[in-house]
There are 2 protein chains.
Amino acid sequence: MAATPRWLRWLPASEWLSGYTRQDASGDALAALIVTILLVPQGLAYAQLAGMPPVTGLYASMLPLILYGLFASSRALAVGPAALTSLITLSAAGSLARGDSATFMAAAMVLAILSGALLVLMAVLRMGWLTNLLSHPVIVGFISGCGLLIATSQLPHMLGINVAAHDFIGLWQGLLTEWPRWQSTTVVMAGLALACLLLPRWLGTQLQKRTRWRETGKLLGKLGPLVAVALTTLISAAAQLNHHGLAVVGTLPAGLPALTLPSLPLQHWLDLAGPAALLALIGFVESITLAQALAARKRQRIRPNRELMGLGLANVISGLSGAFAVTGSFSRSTVSQDSGARTPLTGILAAAGIALVALCFTRAFFYLPQATLAAIIVVAVLPLVELGELKHLWRFSRADSLAMAATLLGVLTISVQAGLIIGVTLSLALFLWRTSQPHVAEVGRVPGTQHFRNVQRHEVEVSAHVLAMRVDESVWFGNARQLEDLIYDSAMQRPQVRQVIVQCSAINHLDASAVDSLKSLNDRLAHAGVVLNLSEVKGPVMDLLKRTEIPEQLTGQIFLSHHQAMETLAAESP
Amino acid sequence: MAATPRWLRWLPASEWLSGYTRQDASGDALAALIVTILLVPQGLAYAQLAGMPPVTGLYASMLPLILYGLFASSRALAVGPAALTSLITLSAAGSLARGDSATFMAAAMVLAILSGALLVLMAVLRMGWLTNLLSHPVIVGFISGCGLLIATSQLPHMLGINVAAHDFIGLWQGLLTEWPRWQSTTVVMAGLALACLLLPRWLGTQLQKRTRWRETGKLLGKLGPLVAVALTTLISAAAQLNHHGLAVVGTLPAGLPALTLPSLPLQHWLDLAGPAALLALIGFVESITLAQALAARKRQRIRPNRELMGLGLANVISGLSGAFAVTGSFSRSTVSQDSGARTPLTGILAAAGIALVALCFTRAFFYLPQATLAAIIVVAVLPLVELGELKHLWRFSRADSLAMAATLLGVLTISVQAGLIIGVTLSLALFLWRTSQPHVAEVGRVPGTQHFRNVQRHEVEVSAHVLAMRVDESVWFGNARQLEDLIYDSAMQRPQVRQVIVQCSAINHLDASAVDSLKSLNDRLAHAGVVLNLSEVKGPVMDLLKRTEIPEQLTGQIFLSHHQAMETLAAESP
């Protein structure tokens with residue numbers, strides 16, 4: 001086999017295209033058809049959530065899918081419009097545009113382009129590790145907060161009212177003060193849509209549980225959106241409900257998107273860089289988590305840098321197509337894999353399907369009620385809200401539950417961006433705090449063995465002249481001085497102690513502050529007539545110590561094993 | 001013995017006063033005399049450095065010494081005006097006042113009051129741990145940068161010119177462009193002062209090394225400032241050099257300080273809170289480090305919370321006396337201890353000495369040249385500049401030397417505050433980065449033992465079906481996903497692997513993200529037909545795991561020892 005040319009390494013499509021079979025083709029085609037059917041209503045709905053014209057939801061479902069399919073490494077991930085990225089777009093573009101709709105659209109496009117460019121940059125600089133900044137509690141808190149915010153933001157559409165506020169508390173205030181103006185037509189249609197969404201899902205679950213038609217059941221559960229769209233559109237058209245106060249999608253311009261660069265002053269591009277970075281980070285974490293879960297099912301491998309590249313290019317092209325940011329979709333990806341998708345061609349075929357809809361069938365959506373789209377969003381996002389995890393985390397660790405609660409409250413009471421920043425900062429601070437509070441145990445010998453354990457947990461033998469302490473953490477500037485004082489004070493509290501041994505078996509690293517504290521501890525103990533010894537120093541830590549003056553300055557010795565240290569020093573003592 | 005009343009616990013003076021002897025008194029009195037002699041020129045000099053009227057250097061040396069002596073736990077620390085805190089005062093008050101001298105004085109007083117109040121607050125809330133944020137490289141870089149900046153700031157006084165700039169580069173530009181205006185009288189007097197400072201020091205070192213008069217030598221070395229002040233003042237007065245362009249201290253108002261609250265608008269108090277926090281942190285780190293070193297010589301103990309209280313009250317009263325921030329002085333503390341000080345009464349007696357000077361002898365300083373004070377400062381701060389430490393750290397660890405270099409450059413090129421903030425942020429980021437890059441080793445059995453070591457460092461036996469990996473770091477959100485991928489990928493690279501064992505002996509803690517990644521690793525491996533086992537989980541970590549679903553969900557087992565795991569799994573394997 002000839003070596004792969006360098007440029008081809010960035011085009012993984014070459015890998016699966018070369019061995020493409022007829023079986024692959026039939027699987028991909030069926031999956032593409034089902035994904036297309038799902039994607040149309042979801043695209044329109046997420047465009048509504050993002051505050052963009054409905055047709056941009058279709059634009060976001062064409063070129064991005066093709067570029068992702070060609071450049072990414074996941075065989076099963078379905079990208080396109082999704083809830084979280086649409087919410088962040090609404091929030092960031094809204095706060096820049098302040099009501100001007102042309103600026104809003106341009107800002108949404110710029111957000112997609114910038115976040116895409118950042119993802120490509122992260123791929124080139126191999127900076128996928130940045131996503132490590134998002135801890136599990138912060139992600140769960142963030143997604144739960146966003147889910148609550150998204151669901152609430154769709155309620156005005158389902159009640160037929162207008163609420164000016166975009167924040168959680170403002171939305172609820174608006175909903176409650178506006179209750180005399182709730183429209184019965186809209187409420188009924190929204191109820192119908194909800195029924196269409198929930199009934200097939202319930203039926204599907206029953207089929208999966210109680211019958212042999214498991215696959216059919218699985219699929220049925222996902223087809224709710226199609227049923228809801230078809231039924232409510234038919235009723236709305238037949239009764240001409242748009243003349244009775246029901247808000248409908250209206251005219252969608254037919255045709256394919258043209259590629260254009262959004263016109264926005266340079267200052268606004270700069271203003272959007274921060275939210276774009278957030279969008280990139282969140283979109284990538286969502287995609288990669290999903291892609292890894294899907295790949296594991298088939299023992300496939302995800303290459304994070306290729307995912308960054310694929311998702312980045314998909315976002316850039318989405319912005320240039322006049323649409324908004326995209327990411328991996330949980331619902332469409334699982335449906336796609338379950339209905340037999342084998343290669344990324346599925347996504348490319350689905351894009352072709354959407355193009356067909358955009359060219360020929362846009363008139364079919366004129367009477368589609370906005371309330372139906374809102375219901376689709378609400379049903380999609382509510383499972384993201386995992387408030388139970390808060391209780392769960394509380395039982396596991398106070399710090400983790402605090403980080404989740406702060407992120408959730410930040411999203412709901414301040415803003416989506418603020419919530420995430422609060423969460424990340426707090427979780428880093430809590431980690432630093434915990435690492436700066438190391439566990440130190442005085443150790444003694446388990447009788448009859450060469451084994452040393454914590455004197456407070458075990459019945460062990462200790463020597464009156466030798467104080468042995470085990471440090472259970474790497475030593476760094478956050479805990480070095482504390483450890484120094486702790487060991488010094490322990491020695492000072494027993495006037496008969498002449499030797500101190502620090503057992504270093506759990507110390508994985510030392511920094512310059514640790515070395516400084518070790519020197520200072522050595523000097524302070526020496527002034528007090530106490531000798532300092534070390535035992536069980538790990539190889540890499542010993543390599544570090546050898547680059548300092550400690551081996552010469554240490555008043556005592558460095559012992560290989562703690563047992564050997566105790567034997568030697570107990571023999572020497574008076 | 002009756003129990004100590006609660007309020008007395010905050011007044012440690014009760015401890016040493018109750019057992020006060022005649023020997024104590026004679027030691028303290030001699031030490032106080034010598035400290036007073038040192039304190040007069042140093043107080044005047046540091047007032048000049050802080051940009052304050054010379055007499056405030058005396059004010060800062062009265063009440064603060066008394067309050068510190070009554071409330072702190074150190075028996076030997078001499079507080080008062082010092083180089084670093086004076087520089088920070090100059091920098092922070094200068095940037096607020098922008099040339100207005102009344103505002104400058106008020107701001108310097110407010111800085112002392114606020115930093116003192118913050119120290120008292122830290123004492124009450126037991127927040128001494130905040131100083132752990134300052135790593136050894138950051139402190140060395142900060143002090144070195146400040147030392148260079150302080151020495152440079154005194155050069156205009158020694159050359160008889162005015163330079164408007166306060167920053168390092170601006171100062172040097174001013175010094176060099178102004179060279180035609182250098183005043184020969186001032187330069188000669190500065191040279192004479194330098195000789196008076198350096199000669200006794202050199203003589204003292206010679207005496208200590210070559211003769212039996214060690215103690216005399218030590219003392220002689222410290223008396224340079226007194227000689228310099230006496231000699232240059234006499235010459236300046238005799239030749240009336242103030243009429244020949246030599247800047248002199250001039251009239252010092254006689255009398256004791258009155259307590260007043262500085263009048264500054266509330267907004268300015270708020271603006272000064274940030275610099276005051278910095279001042280509090282730096283002042284405390286300097287004091288506590290010094291106090292611990294002094295206490296260790298006599299096997300005494302320092303209580304950090306009492307030091308916070310003592311130093312805080314000293315600063316508050318210094319600001320109320322019309323003076324500036326104070327901290328522990330290295331030179332005066334060692335002289336005091338060496339000349340026989342036994343209790344904090346030394347400081348209180350020295351304060352009385354200063355009061356005597358302020359009441360009766362202020363006229364004696366009229367002809368004292370400012371160049372002499374500048375020379376005293378330069379000679380005092382140059383030993384603080386430890387640029388060699390940069391090379392030293394470079395050899396020990398790149399990250400530590402980077403933190404020091406960034407702090408040093410920040411202080412010199414931006415500002416004192418910026419340098420410290422850059423250093424702290426960078427060193428935290430570098431710590432987080434290192435901790436997020438954990439060391440993972442595949443381990444195998446050392447033949448004939450129950451001991452398992454890294455396959456890349458040792459000749460060990462491994463099994464084809466069992467992959468054993470040791471994680472050398474606590475698992476947290478910064479490294480959890482990386483570890484998950486690393487272990488998963490290692491397993492996937494060997495299709496014959498059926499069992500994975502993670503040896504957890506070096507894992508000191510797990511957070512919620514680690515638990516999440518462990519679940520995900522378990523699921524992903526299960527999909528691929530690989531069983532996940534754990535071995536040597538520490539007690540506290542096992543307690544945490546028991547609060548999660550992992551013990552039930554884990555496809556494999558949790559083994560007590562790694563040896564036992566290998567025995568069991570190797571027997572099971574095909």
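1. In chain B, the loop between helix 11 (224-238) and helix 12 (266-271) holds B:Q240. The model is a predicted one, and in it the phi of B:Q240 is near 50°, a positive value in a residue other than glycine. Most residues other than glycine have a negative phi. The relative accessible area of B:Q240 is 28%, so this residue is partly exposed.

2. A positive phi also occurs in chain A, at A:E536, where the angle is near 55° and the residue is again not glycine. A:E536 belongs to the loop that runs between strand 7 (531-535) and helix 23 (539-546) of chain A. With 25% relative accessibility, A:E536 counts as partly exposed, because the buried class is limited to values under 20%.

3. How many aromatic pairs are there over all chains? The count comes to seven. One of them is A:F431 with B:F431: the ring centres are 6.5 Å apart and the planes stand at 20°, so the pair is stacked. The angle qualifies because planes under 30 degrees apart count as stacked. A:F431 is in helix 20 (residues 416-435) of chain A and B:F431 in helix 20 (residues 416-435) of chain B, so this pair joins two chains.

4. Are A:F431 and B:F431 buried or exposed? Both A:F431 and B:F431 are buried. For A:F431 the relative accessibility is 6%, which is why this residue counts as buried.

5. A:F431 forms a further aromatic pair, with B:W476; this pair is stacked, at 3.7 Å centre to centre and 10° between the planes. Why does the pair join two chains? A:F431 lies in helix 20 of chain A, while B:W476 lies in the loop between strand 5 (466-471) and helix 21 (480-492) of chain B, so the contact runs from one chain to the other. B:W476 has a relative accessible area of 3% and is therefore buried.

6. Which residues do ring pairs link into a cluster? The cluster consists of A:F431, A:W476 and A:F477 together with B:F431, B:W476 and B:F477.

7. In chain A, A:R398 lies over the face of A:W394, at 4.2 Å from the ring centre. In chain B, B:R524 lies over the face of B:Y488, and here the value is 4.1 Å from the ring centre.

Note on methods
Residues numbered from 1 in each chain as written. Chains lettered and ligands numbered in written order. Predicted model: local features only at pLDDT ≥ 70, side-chain atom pairs only at ≥ 80, totals over all residues. Heavy atoms only, no water. Helix = DSSP H or I, 4+ residues; strand = E, 2+ residues; numbered from the N terminus. Buried < 20%, exposed > 50% of the residue type's maximum accessible area, 1.4 Å probe, protein only. Phe/Tyr/Trp six-rings, centres within 6.5 Å; stacked < 30°, edge-to-face > 60°. Lys NZ or Arg CZ within 6 Å of the ring centre and 35° of its normal.
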